[in-house]
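Let's take a walk through this structure together, one piece at a time. Keep the 3D view open and turn it as you read.

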Amino acid sequence: MNKTIHTAKTALLALGASFALALPALAQDHSDHSAHAHHGAAAATPAAGGAQAALTAGEITRIDARTGKLTIRHEDIKNLDMPAMTMVFALKNAQKTAAFKPGDKVLFAAEDEGGTLTITHIQPAS
């Protein structure tokens, strides 16, 4: 009887772990992302000569006009050494939230501004 209970518990734990791994990634608010602070100003600043940082493709999944934040499912952000994920970004110009809606495909540049990940440029992906 104890062996049956132990086997059932083990099966349930394995099932629970498999289920948790299969869940889609939840949007996380990384706009105050101190883990990337180690990149410093050199990594967060576009290359010398004022060149625009490389744009990253993404899709807006949520807009919070009150706080000026966008949730974006994005590809790798090269200048921040960040893998593809869904996360919340602060928008440098909060009024720009009115120009977008959930589902919009965009190209954007994000920078680490004192530990806060901020979208410094955003445009429709056309």
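Predicted model: local features only at pLDDT ≥ 70, side-chain atom pairs only at ≥ 80, totals over all residues.

If you skip the neighbours within four places in sequence, Leu-70 is in contact with Ile-60, Arg-62, Ile-63, Met-87, Val-88, Phe-89, Leu-91, Thr-97, Ile-119 and Ile-122.

Now for the core around that residue. The largest nonpolar core has 16 residues, and the members touching the most others are Leu-70, Ile-72, Phe-89, Phe-108, Ile-119 and Ile-122. Two or more residues of this core come from each of β3 (69-74), β4 (85-91), β5 (105-113) and β6 (116-124).

How do these strands line up? β3 and β4 are antiparallel partners, with six bridges between them. You can find one spot in that region where His-74 sits opposite Met-85 of β4.

β4 also has β6 as a partner, but here the strands run parallel and are joined by two bridges. Look for Ala-90 opposite Thr-118 of β6, and for Leu-91 opposite Ile-119 of β6. As for how enclosed β4 is, six of its seven residues are buried, so the rest of the structure largely encloses this strand.

From β6, move on to β5. These two pair in the antiparallel sense through eight bridges. Ile-119 turns up again here, as the bridge partner of Ala-110. β5 and β6 form a hairpin with two residues between the strands, and in this hairpin Gly-114 has a positive phi near 65 degrees.

Terms used. Residues numbered from 1 in each chain as written. Heavy atoms only, no water. Core = buried A, V, L, I, M, F, W, Y, C linked by side-chain atoms within 4.5 Å. Buried < 20%, exposed > 50% of the residue type's maximum accessible area, 1.4 Å probe, protein only. Helix = DSSP H or I, 4+ residues; strand = E, 2+ residues; numbered from the N terminus. Contact = heavy atoms within 4.5 Å. Pairing = 2+ DSSP bridges.
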